[in-house]
Each structure stands twice: as structure tokens, then as C-alpha cells.
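User: I would like to learn how to read strand pairing, helix packing and contacts between parts of a model. Can we take them in turn?

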Amino acid sequence: MQTTMMNPRIKQWVINMTRNKRIAHAYLFVGKKGAGKKQAALFFAQALFCAEKNDGQPCGKCSHCLRISHFNHPDVHWVQPEGQSIKIEQVRHLQKEFAYRSMETEQKVYVIEAVEMMTSQAANSLLKFLEEPHPGTVALLLTDNHRELLPTIVSRCQQVPFPPPDQRNLSRQLAKAYDASLAHLAAQVTSIWEEASALCQAEWFAELKELVIQLTEEVAQPSNQPLFLILDRWLLIAPEKDQTDVGLDLLLFWYKDVLYTKLQISEALVFHEERDRLHKQALAWTEERLTQGMTAVLNAKRKLQAHVHPQLVLEQLVLKLQRRA
Amino acid sequence: MQLVIDREYLREAVAQADKAVSSRTTIPILSGILCTLTENEFILTGSDSDLSIRVTIPREIDDNKVFKVGKLGSIVLPAKYFTEIVKKLPEGQVEIEVKDQSIVHIRSSHSEFQLNGLDAQEYPRLPYIEENKVLTLPSHLFKNLIRQTSFAVSTQESKPILTGVHCALKHGELKLVATDSHRLSQRIVKVETDESLSFENVVIPGKSLAELQRILIDEDKPIEVVITNNQILVKTERILFFSRLLDGTYPDTERIIPQKSQAEITLNTKSLLQAIERASVLAKDGKHNVQLTSAEQTIHISSNSPEVGRVAEEVHVNNMVGDGFKIAFNAKYALDALRVIDSEEVKIEFTGSMSPLVLRSLDDQQLLQLILPIRIYENV
């Protein structure tokens, strides 16, 4: 199984920093899903704790390194969202950890995944600790959307931008095992190998792809009947919220492709096998309406995240695309 | 690892170690109990990272063989299942055997369990005792010290350092202080130890001490206390207790304790305690205001809750020096303080109606309880 390679630049940065012992109290790792933030956080912790470092590089074999990679190190604390958010209790637990001295060594590391999912109480409570850092304590905050964070949190961390993962490489790897066009599409939706290969294997993903294209064809037609049949089918094959979200991503890619076709940028097409249909649709849309359409899809995605029922989201989106609402 | 052990000893030890295991741990390995078999001891360790309990079963107790060693080694067993299994096993001998790295077979007469163990390498390392830095004192004394101070720790997480008891050793005097910034309790005892051994700013979490108090037995046997960088260790005969210390600097409490007093009274501890208990009956909504007014040979204790009613009572004073006084305080703090003063008589030192009230045990003047007063509004 292939996992994403750690970015060499980030790796060198961590090594230099720990070697020179110039470590800030808080870092914000910003990067897309699959950019290797979690991996980098593990590496960072290992570089701090490893007892047998070789030229600044953690050995990965000593008891510190092993326990860090298994999330069993008593001085490295991981916080992950519980359900939909990171709750105040979880931050309280961290606060208690700060009040105590560390267990084995003189330093503590805490890693918070998906910081943007903190509730506002949790975020404010965390803020207090970013404001008054304890010596020997390092915070690693991971996020793929730092614009949703409190600006006061962002300003108290050193930001570390992660370059986006290499999609071409991923899609090439996936294409070896799965259908090439699906692999290409899956690599666009997610850049995490496990998720992408799960998509390639899923029947609903392939069917949803076809359904999305059908939907774009029918939206232009005057009759609504086939549209509702498509939506029914959509909800039947993709009953989960996350699946609808993937479907909306596909729809977004489609309209982006239509726009690119219109602008005659053909290299970056996602649905490059559907050139004919893209051409046909490109004639029917104006650039302005295409951007409006894409905004509508983005809004639909947002509504879905805010727990609006998928069926309502889709129906409203279709009406928007038809300019009826 | 392989051994055959008497179930009774195992059950007792597992139950002790399990006390430290928390079901809500964020570190997966801490959901387990670490079992280590050496030539002469079978050691069980439980931990929630704040406190850890290590129970040692010696191979022989009073010339009775407790266990037979098959193969040395160690393994981590999931605490939830391990304790249940051991509890429900029939009496007699239990065989524990680790096969294929981490599959643990637990056999007893006709039953056999297979439990998935975890790698012992993953378990946190606990500090070792350095023999030259050991403080030895009787078990009952340490238990008492905890009882007499730890109730005063703060329960508010906003000042985490105050949730612990401050411990310091200097010139053979061990001092424990706890305060929640409304009251303070302190006791100093002489301990027999190497003069060179000293430490300060050791703050032990109140929660850990509550657990330790339960473990310590009220007996004369000595226990050993060791302070390391991060942890305190308390060693009894079979149990080794570890607690992480609190991080930060404990405030200087010496300055708070008044050096001189305007008035001093001594009176019977029990009768004062009971009088205040009665006076606090009328306390409403947690406002336990009780007023103390001195008179000749007596003190008046009164409490007034306008909506409920009022109460007044007199307590005989055995001895009184200095001026008359009037002071109000929270009855709950006074009751907590009086309950841990074991002497028959208590001495109260008054330094002004807006200065702390000091209660001392007459048998042991180094046991001190300090309570901040409440402002009295004369027109009420």
C-alpha cells in the first residue's frame, strides 16, 4: 500500500529546527487533505523526542519513536474531533495536561487535528494557552481551512503552509489498479490514497458520475420529469451526506470543465473523455451563467455541511441551475 | 511470559492496579494493565498517566509459594477484561501464558480464556527509585498529613497550581501546605532523614493524594517517599504509587500567616465544632456565614439568614488573652478545619476583623488552619 510521501522541504525544515533547538510554542500546519500534515506532526514529535537521532533525523525505531507513531507516547497528546466538532471537554482535558508536569521527559507536544472544527468555546479556551505558552510545550495545530479559524488563534501560531499533494502522481498510481477515468476523477475528489482507492472501488461513485452528467444534460431541457427521476436515483445510490458531497464536487468539476471548454483551455479538463458533450453544453451557457452555476454548487455544499437535508439541497440547486429560483 | 499463580493474590493485586486505570483515556495503551514477570516478582502496573499504581507480588509470602515461574517476560492486558476475568475465575491456581507474541492464555481448572494483549514496549516508563534520595516516614503519619491538609486544595481549574498540596523538606522538617485562596491549611512535622535531603516547590495534585490516602494503611510501618523531576513516588510494602506533579510555582504562603495576634483563646474543639455545626443549620444557598463575638469566659456564635431566622449560642472559653473581638467567616471552612484538629483543645488567634483567623491544634502547634474572614456590615 502506498502512503503519501512526506514533503522533503517540510522534512528538512523540521530537522533544522530541532537541530538548532529553535522551536516556537505553536505551529499551524495549513494544507489540503492528504498534504501529509499528520505525518509531518508525527515526524516533528519524533524529532523532538527521539533518543537516537541521526543527524537530526529521528530513528523511527527507538521506544520514543515507536510509541509516538502508535499514539501511545504519554507526553504527546492527540486531539481529534469527536463527531462533528472538537468539544470544550477535550480542550479542558488538554488544559489539565498542561497543569501537570510531563510524564517521562521535560517536554510536551500536543497535536490538534482539524482545528477548524473546534467549537467557539473550545477555541477560546485554547486561546488562553496559546497566549501563555508553557516552557517545553509545543502545540501543533493541523487544518485544511485556516480561514475558518479565529484570527486570534492564527496570529498566535507560526504558520506552516503545506504544498498541495501531487494529484497526477496519485491518479497515475490509481490507474494501475482501477479504471483510468474513474481513477482520474477520484484523485480530483480526494488526495488521500485510501479514500481515493475506496472511491474507485465503490459502485455508487461510478454511477454517480454518470448521473451527474445526465443531470447537466437534463437541466437544459424544459421538462422537469426526468430531472426528478435523476434526483431520486441519486438519493437512492448515495444516501449518505458525504456521498452527496462527492456528487456535488463532481458537478462542480463538470461546470468548471464546461467553462474551460468555452475558454478553450483543454489541458486541465477533469472529464476529458466527455469532450463532445462538454462542447455541446459550452455553447448553451454564457460565462456569467457558468460562474453563477458554480457558486450555486458551492452554496449547496455549504448547506449540506450545515445539515440541510440532501434532497432539499439538490432540488434547490437544480432550480437555481435552471434559473427558476 | 508464563506463570502459575494463586488466584486470590492475583485478584487482589489486579484490583489494586486497576484503581489507577481510567476508562476514558486518550492514550490507548493506558487502557491496559502492564504485567511483568521477573525471577522473584510478578508486577502489575495500572496508570491513567496522572497517577500510576504498581503492585508487586513476591514469589514467596511467609514461606508460602505464591507463584511458579515458567518463562520471564511482560505483556499489557486490557484492564476491563482482565479484571473481570480474574474476578470470575474459580478459586485455585491460575495459569497465564503469552503465546505468539501477544495472545494471552488464561487457564484455570476447566476454563480457558484467550485475550489479545498489547506490546509491553508501548507502556510508559515509570521513574526508578534512587536509593540515596529517599524520605522514610511512618505510614499513618503520612496518611494523617494528607488528611489534615488536602481538603483545603482548590477545586477550580482556573488556578491549576492551587489544586495541589505543596510539599517541602528542609532541615529535616517536612511541610505540607494547601490553600484555595480563601483558607489555608498547613502542617510541619519533624522527620528522621539525612540532613542534606531537601526539596521544595513539589506540588502534588489533590486528586492523587485522595487516592493515596485510600491506599495507605493506618499503621506504624514505614513508607518511602521519593521525589523525581516529574513525579512523586510513595512506596509501601507491596504497592508503589506514582503521581505526576503539578507544573508551576506555588505561591509563597509564609507571608499570609500572621506572626502576631491581638487576641488568643483556647476552647474545647468538640464543643466549638458542634456549636458551629448547629449555627450553620440556618445557612441558606451555601452562604454559611457565622459570626464569632468574644465575651468574658465565653464566645457568642451567631448566624442570621433574614428569610429563615437566626441562631445564637455560647461556648465556654478555657483561656483568653488580649482584647475582645468580633469576626465573621464561612462556617464550612471552619468545620473542615476543626474536623482535622484531633487535639482536645484548639487555640484561636485573632488579628483583626479583616485579617485571617488562625486555628491551631493545642497538641501540635505546627498544625495550622487559616480562614479568611467575611466583612461584617454593622447595620444588618
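Analyst: Two strands pair if DSSP finds at least two bridges between them. The model here is predicted. In it, strand S1 (residues 26-30) of chain A runs parallel to strand S4 (residues 137-143) of chain A, and five bridges join the two.

User: Which residue of S4(A) is the bridge partner of Leu28(A)?

Analyst: Leu28(A) has Leu141(A) as its bridge partner.

User: In what order do the strands of the open sheet in chain A lie?

Analyst: The order is S2-S3-S4-S1-S5, five strands with parallel pairing. Strand S2 (76-79) and strand S5 (158-161) of chain A are the edge strands, each pairing on one side only. On average, and with direction ignored, neighbouring strands of this sheet are turned by 20° against each other.

User: Which strands of chain A does helix H2 (residues 37-49) lie across?

Analyst: H2 of chain A lies across S1, S2, strand S3 (108-112) and S4, and runs at about 170° to S4(A). Helix H4 (residues 88-99) of chain A lies across S2, S3 and S4, running at about 170° to S2(A).

User: How are two packed helices described?

Analyst: The description uses the angle between their axes and the distance between the axes. Take helix H12 (residues 241-262) and helix H14 (residues 287-305) of chain A: their axes come within 10 Å and cross at roughly 165°. Angles over 145 degrees count as roughly antiparallel, so H12(A) is roughly antiparallel to H14(A). The crossing of H12(A) past H14(A) is left-handed.

User: Which residues make the contact of H12(A) and H14(A)?

Analyst: Among them are Leu248(A), Leu251(A), Leu252(A) and Tyr255(A) of H12(A), and Leu290(A), Met294(A) and Val297(A) of H14(A). By class, the contact of H12(A) with H14(A) has eleven nonpolar, two polar and six charged residues.

User: What domains does the assignment give for chain B?

Analyst: Chain B has domain 1 (2-122), domain 2 (131-254) and domain 3 (258-371). The C-alpha centres of domain 1 and domain 2 of chain B are 29 Å apart. Nine residues of domain 1 of chain B contact ten residues of domain 2 of chain B. On the domain 1 side, strand S4 (residues 51-58) of chain B gives the most, with six residues. That side divides into three nonpolar, three polar and three charged residues.

User: How many residues does each chain give to the contact of chain B with chain A?

Analyst: Chain B gives 17 residues and chain A gives 18 residues. The chain B side has seven nonpolar, four polar and six charged residues.

Terms used. Residues numbered from 1 in each chain as written. Chains lettered and ligands numbered in written order. Predicted model: local features only at pLDDT ≥ 70, side-chain atom pairs only at ≥ 80, totals over all residues. Contact = placed C-beta atoms within 7 Å. Nonpolar A, V, L, I, M, F, W, Y, C, P; charged D, E, K, R; others polar. Domains from an automatic or database assignment. Helix = DSSP H or I, 4+ residues; strand = E, 2+ residues; numbered from the N terminus. Axes fitted to C-alpha atoms, helices over the stretch in contact; angles between N-to-C directions. Parallel < 35°, antiparallel > 145°, perpendicular 65-115°, else oblique. Left-handed = near helix turned anticlockwise from the far one by under 90°.
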